[in-house]
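Open the model in your viewer and keep the selection tool ready. The tour moves from the whole chain to single residues.

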Amino acid sequence: MSSLIYAIQVSCTTGKPSFSPKIDHSSGAASLSSSTSFKTFLKEVQKNPIFNHVPNKIKEASVKLLDAFVDSAFEFSDQPLLPSQSNFAPVEEIGKAVQVTGSVTGRIPDDFPAGVYIRNGPNPLFGGFKSTKSIFGKSSHSWIEGEGMLHALHFFKDSKGKWKISYNNKHVETDTYKLERERAKPSFLPAIEGDSLAVLLAYLLNSLRFGEVNKFLSNTNIFEHSGKLYSIAENHIPQEIDILTLETRRNWDIEGSWIRPFTSHPKKAPDTGELVIMGIHPQKPYFELGVISADGKKLLHKVDLKLSRCCLCHEIGVTKRYNVIMDFPLTLDINRLVNGGPLIKYNKEEYARIGIMPRYGDADSVKWFYVEPSCTFHIINCYEIGDEVVVLACRARSSIIPGPDFGSNKFEWFSKGFDEKSENVSFFSRAYEWRLNMHTGQVAEKNLTGSDYSMDFPMINENYIGGRNKFAYTQVIDSNASSKSGMAKYGGLAKLYFEETTEVEYHEFPENTFCSGAAYVAKSGGDADEDNGWIITYVHNEDTNTSQVSFSISNFLFL
C-alpha cells in the first residue's frame, strides 16, 4: 500500500489487509500424476486459437457449466479477523465526498500546497478475504490481495484564504472488479496460496471462465505521470484515475505497446522526466524493462533482460544514467507449483544480485553485482558518485511474502517474524547501503541503522530521486504490537540523515496509534532545501477506533 500527494491548480494518500490466523494448509489432495502433461494442457487452453471461433452460445453454455461445477465443488469461506486486526477489515464506499474541515484540530500550514493526498490499499469485496475448500485441497487469498481502494483528502482554500478539506473513497474499478461486482458474489478462485493442485485448478478454471488466471488488484500504489494519475499493482497494467472524482477512466497500455504486468513503483528519470518501468511474469520473458516518454504517449524502449528466473522485484531504481535492477531470491515459479511446491517462495540459499544498466541498454549491457542474499521490497534512492553506484533501500533477512509453508499456523509464523525477542526476527528491516564500483566490480554493503527499530515504506523529497540525497523518511514498525497482532503495525516515523554515519530521529505516536500511507510533501519554490517540507499520513487510534490525518514538519515538530 502506498500513497501520493499531488499539487494541483484550483480556481475559486497498509495498513496491510487481514489474514486468517488458523488456516490449515495441510493437504489431503491427490498428487499430480503428470506435471508436464498438466502444464502443457494449461498452456494450450490459454493460447489455442480454436476457442476464438467457437460460437458465443456455446461459449456461454460452457461458462455456465464451469460455473455450476465451481459452485458445487468449491466451498468459499471467510478468513476471520482477530480483535487486534479489526482496523484491517474492508470498508464500504461512502458514495460522495464529505466535508471534514470542521473536525480539524491544530492548524494546517499556510504554505502547505493545495492538492490531493491519496492512499491506495487492499479492500477486498464481499466482506473480506476468502478461502476455498474442495476435494482438490485448499487455496486462500494472500494478504497482498484484495481490490484496491483509494482514500483521498482534497485540500483547497476558499476566497478568504481558509482551508477547505473533503474526503472521499472509491474502489479502483478494474475489469475483474466490474465482473465480480456484476455477479454479486466471489467468483475468482484464490490462485496464489494453498495446496498446489488446488492452486493449479484455480489457474485453469479462472482462465477458462474469465480469460484471466487471477484478479487485477490495482491495490498497491498511486503515481503521477504527465499530469495524469494512475493506480497500480504489479500483476496488471495501470488504471487512469480522475483526480477529482476518483472514477476509473481506462487501462493505460501506452497505446497497446505494454500489455504485460507493470511495476508498482515506476521512477521518473532525472533531467528527462521519462518514466522507467518494468514488468515481471512467471513465464518467459521473466523480466522486461521499458522507458516511457515524458508526455506518456510513447514507449521509447522495451527490452527483455533474459533472466533465468522470475524474481518478485517490487521496485526499480534510477540514477542519472542507469537503471537499477534488484534480482533477489524471492521468486515466482510455476514449475515449482506443478511439482507440489508454492508459487511464491523466498530461498536464502539462492543468489542475490543487483544489476546496473544504461538507460537504453539491453540484456548484455547489464553489469551484475552479487550481494548477500536478503529481501528488499522498497528502494530509498540510487545515485552515482565517482565510479560507484550507491543503492539505498530497506532490507530484511527474509520475506513476509507470501506467508508460511503449508501446514504452518499463519498467526504464529507472522508473530515470530516481528518479535524482536525471537532468535529469528526475520522481518526486521533496516536501512541498508550497497556501493557498487562500476570500474573494479567490487561491492561494499552495510547496515545504516541499528537494531532498535524496524523500518520500511521509505520516502524522500522527489526532486532528489536519482541524485544524491542527504535525507530520507520511513514508517517505523511497532514490533510488540505487530507480534501480538500477527501483522505489521507502524507506530511512528523516522528521519534518516546520511553523512559519515547515519543519524536517525524517531517520532513515536501515542500508544495503540498506528500510521499507513505516509508521504513526503516538499515545500514549493526552487530554493527550498531538501529537508524543508512535511510528512502527511493517515493514523488510526485503536483505543477509540478513530482515524485521522497527521501533519508533521520534517524536523518532527508536529502540528
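What follows is a series of selections, each with a note on what is there.

The model is predicted, so local features need pLDDT of at least 70 and side-chain atom pairs count only at pLDDT 80 or more, while totals for chains, interfaces and linings use all residues. Residues are numbered from 1 along each chain as its sequence is written, and side-chain values use heavy atoms, with hydrogens and water left out.

**Whole chain.** Select the protein chain and colour it by secondary structure: there are 7 helices and 35 strands. Helices (H or I, at least four residues) and strands (E, at least two) are DSSP runs, numbered from the N terminus. Of the 559 residues, 55% count as buried. Buried means under 20% relative accessible area, exposed over 50%, and partly exposed in between (1.4 Å probe, protein chains only).

**Helix H4.** Select residues 196-210, the 15 residues of H4. How many of the residues of H4 are buried? The count is 14 of 15, and the helix is mostly covered. From first C-alpha to last, H4 reaches 21 Å, close to the 21 Å expected at 1.5 Å a residue; the expected span is 1.5 Å times one less than the number of residues. Just after H4, select glycine 211, which takes a positive phi of about 80 degrees.

**Proline 342.** Next, go to the loop between helix H5 (334-338) and strand E22 (344-346), where proline 342 sits. Proline 342 is partly exposed, at 23% relative accessibility.

**Salt bridges.** A salt bridge here is a side-chain nitrogen of Lys or Arg within 4 Å of a carboxyl oxygen of Asp or Glu. By this rule there are 27. Select arginine 321 and glutamate 384, whose side chains meet at 2.7 Å, N to O. Arginine 321 lies in the loop between strands E19 and E20 and glutamate 384 in strand E25, so the pair ties together parts that are 63 residues apart in sequence.

Then select aspartate 531 and lysine 495, with closest N and O atoms 2.7 Å apart. Aspartate 531 lies in the loop between strands E33 and E34 and lysine 495 in strand E31, so this pair links parts 36 residues apart in sequence. Aspartate 531 is buried at 16% relative accessible area, and lysine 495 is buried at 7%.
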